[in-house]
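Please read the following note alongside the sequence and the model.

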Amino acid sequence: MSRVPTLNSPFLLGFDEIERALDRVAKSAGDGYPPYNIERVGSPDRPPERLRITLAVAGFTREELDVSVEENQLVIRGRQQDDKSRVFLHRGIAARQFQRTFLLADGMEVMGADLRNGLLSVDLIRPEPERVAKKIDIAVRD
């Protein structure tokens with residue numbers, strides 16, 4: 001079965017990458033672990049725009065977490081090692097690996113990450129883009 005393109009207007013030229021990004025987001029939205037918040041930080045009417053992603057990563061240490069930017073994606077991974085020396089009578093808190101991916105718009109930059117009280121916060125900024133108008137000369141051909 002072929003997929004019907006969502007951006008199929010003849011006026012939308014060169015948006016193939018956005019189409020692929022929407023496909024990636026749809027595929028990665030399945031798992032809800034770990035839970036996260038995305039919030040606007042500071043005043044929304046003052047550029048540059050700042051965002052904060054906060055993930056609930058209780059039980060993970062700094063060494064067990066990895067935050068990286070790969071191409072235009074923010075990738076957050078957690079890998080806990082199971083402690084074989086511990087014997088559990090009940091195990092309700094699993095040592096579980098995760099990978100959470102966020103697709104970044106062009107120009108988004110990761111400012112830093114902070115782990116505090118079981119919450120991993122990643123701050124992002126989108127600098128105000130330059131507004132550029134360009135005059136295109138029209139060539140006359142006979």
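1. Strands are DSSP runs of E with at least two residues, numbered from the N terminus, and two strands pair if DSSP finds at least two bridges between them. By these terms, strand β4 (residues 73-78) is joined to β5 by 6 bridges, and the two run antiparallel. Within this pairing, Leu 74 stands opposite Phe 102 in β5.

2. The model is predicted: local features need pLDDT of at least 70, side-chain atom pairs count only at pLDDT 80 or more, and totals for chains, interfaces and linings use all residues. Residues are numbered from 1 along each chain as its sequence is written, and side-chain values use heavy atoms, with hydrogens and water left out.

3. The sheet is open and has 3 strands in the order β3-β4-β5, with antiparallel pairing. Its edge strands, β3 (65-70) and β5 (98-103), each pair on one side only. From one strand to the next, the twist averages 15° (axes are lines fitted to C-alpha atoms, and angles run from 0 to 180 degrees between N-to-C directions).

4. Most residues other than glycine have a negative phi. Glu 71, in the loop between β3 and β4, has a positive phi near 55°. This residue is exposed, with a relative accessible area of 75% (exposed means over 50%, with a 1.4 Å probe and protein chains only).

5. Where does Asn 117 lie? Asn 117 is in the loop between β6 (109-116) and β7 (119-126). Its phi is also positive, near 55°, in a residue other than glycine. Asn 117 is exposed, with a relative accessible area of 75%.

Conventions: Helix = DSSP H or I, 4+ residues; strand = E, 2+ residues; numbered from the N terminus. Buried < 20%, exposed > 50% of the residue type's maximum accessible area, 1.4 Å probe, protein only.
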